[in-house]
Amino acid sequence: MTTQSTQTAATEPQHGAEIIVPLNRLKASDKNARKTPHSPATIEAFAASIKAKGVLQPPVVEIERNGEGAPTGAYLVTIGEGRRLGLRLLAKRKAIKRTYPVRCIVDAENDAHEISLDENVTRADMHPADQFEAFKRLAEERGYGAEEIGARFGVSAHVVRQRLRLGAVAPALMQTYREGGLTLEQLMAFAVSEDHDRQEQVLGMIGPHTPAYAIRRVMTETKVRADDPRARFVGVEAYAEAGGAVLRDLFTEDGGGWLEDASLLDRLVIGKLDGLAEEVREREGWKWAEAYPDFPHGLGLGRVYPEKSSGPPRTRRR
């Protein structure tokens, strides 16, 4: 299809002409091959993209005619119904006017149903790996945060964070995923940690059919779960205030995540226990009090309960 000079909708345009049509003159075509309606999420994504970047691909339209074959002044959208709905959503939200000028391409020769089908069939979706890396590039090169990227593509900030995390996995993992050696679920399990060396080490250990939960378990085996008794005793906030890093899994319910510095956690546990032991010693008048994270069975000690003295011990007569 060749593009001719832009025409207005006042005169009947020729095949291949690029015209400007007011949004309220664009209508859905009953010849559209896509009968399943666009989801609200898809329309939201179209609206977000158009708001940020404009209509990147002009819709393809045919002239609407009345029963006598005369043009009505409206145009039927053969290709680009999602873009039309995205524009209508923006107009509904008062972001643009109902008469917003839309650049369109006229198709007056091809069968409208066939080219609509062609548009939806003759296409190849982007590989997810390309999408993950593209989002990462936006963050790094343009300085966009998750909220900004989400607003520009009509997805939640949480989804963007997931894609950024996947885009940041070790190059060896991403290449294996591209080649079909890893499933998306396995890749998400590796992405629980951002440690590339550990990711590649575990990749060399697993087989092609290793379930995601097993990969996640190996990736976090040197870390401490946030629901561990030590973590609950100290408190994750206190651990973080002491400089400890908390690992979060963006793809599963992680129970609060994992504490990465087990040594720091153990030191905080000992410090808090020592403070409690000193407090008990002073409050209850013990001569000696000492605390341990675990009961020291190896010392041969038992538990002693305080008893009130009632005088010198009595001598038992035989």
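The model is predicted, so local features were taken only at pLDDT of at least 70 and side-chain atom pairs only at pLDDT 80 or more, whereas totals for chains, interfaces and linings use all residues. Residues are numbered from 1 along each chain as its sequence is written, and side-chain values use heavy atoms, with hydrogens and water left out.

The pLDDT is the predictor's confidence in each residue, on a scale from 0 to 100. Its mean over the protein is 89, and 91% of the residues reach 70 or more. Helices (DSSP runs of H or I, at least four residues) and strands (DSSP runs of E, at least two) are numbered from the N terminus. The pLDDT is below 50 over residues 1–9, a stretch that has 26 contacts in the model beyond near neighbours in sequence. A contact here means heavy atoms within 4.5 Å.

Strands were taken to pair where DSSP finds at least two bridges between them. Strand β6 (residues 101–106) pairs with strand β2 (residues 18–22) in the antiparallel sense over 5 bridges, and P101 of β6 stands opposite P22. Strand β6 also runs parallel to strand β4 (residues 60–65), to which 2 bridges join it. In this pairing V106 of β6 stands opposite V61, and I105 of β6 is the bridge partner of V60. Strand β4 is in turn joined by 5 bridges to strand β5 (residues 71–79), and these two run antiparallel. Strands β4 and β5 form a hairpin with 5 residues between them, and G69 in the turn has a positive phi of about 90°.

Burial was assigned from relative accessible area (buried under 20%, exposed over 50%, partly exposed in between; 1.4 Å probe, protein chains only). Of the 6 residues of β4, 5 are buried, so the strand is largely enclosed by the rest of the structure.

Helix α1 (residues 40–53) has 14 residues and spans 20 Å from its first C-alpha to its last, close to the 20 Å expected at 1.5 Å a residue. The expected span is 1.5 Å times one less than the number of residues. The buried residues of α1 are I43, A47, A48, S49 and I50, and their cover includes α2 (81–92) and α5 (146–153). Just after α1, G54 takes a positive phi of about 80°.

A positive phi is also found at K94, which is not a glycine; the value is about 65°. Most residues other than glycine have a negative phi, and most peptide bonds are trans. K94 lies in the loop between α2 and β6 and is exposed, with a relative accessible area of 72%.

A search of the whole structure for aromatic pairs finds 1. Rings of Phe, Tyr and Trp (its six-membered ring) pair if their centres lie within 6.5 Å, and planes under 30 degrees apart count as stacked, over 60 as edge-to-face and the rest as tilted. The ring centres of F135 and F153 are 5.3 Å apart and the planes are at 40°, so the pair is tilted. The two residues are 18 apart in the chain, with F135 in helix α4 (residues 128–141) and F153 in helix α5. F135 is buried, at a relative accessible area of 6%, whereas F153 is partly exposed, at 31%. A charged end sits over each of these rings: that of K53 is 4.4 Å from the centre of the F153 ring, and that of R163 is 5.1 Å from the centre of the F135 ring. The criterion is NZ of Lys or CZ of Arg within 6 Å of the ring centre and within 35 degrees of the ring normal.

An open sheet of 3 strands has the order β7-β9-β8, with antiparallel pairing. The edge strands β7 (224–225) and β8 (246–247) each have a single partner strand, so one side of each lacks a neighbour in the sheet. Strand β7 is joined by 2 bridges to strand β9 (residues 258–259), where W258 stands opposite R225. In the loop between β8 and β9 lies G257, which is buried, with a relative accessible area of 0%. G257 touches V224, R225, A226, L247 and R248, not counting residues up to four places away in sequence. Between G257 and R225 the C-alpha to C-alpha distance is 6.1 Å, at a separation of 32 residues in sequence.
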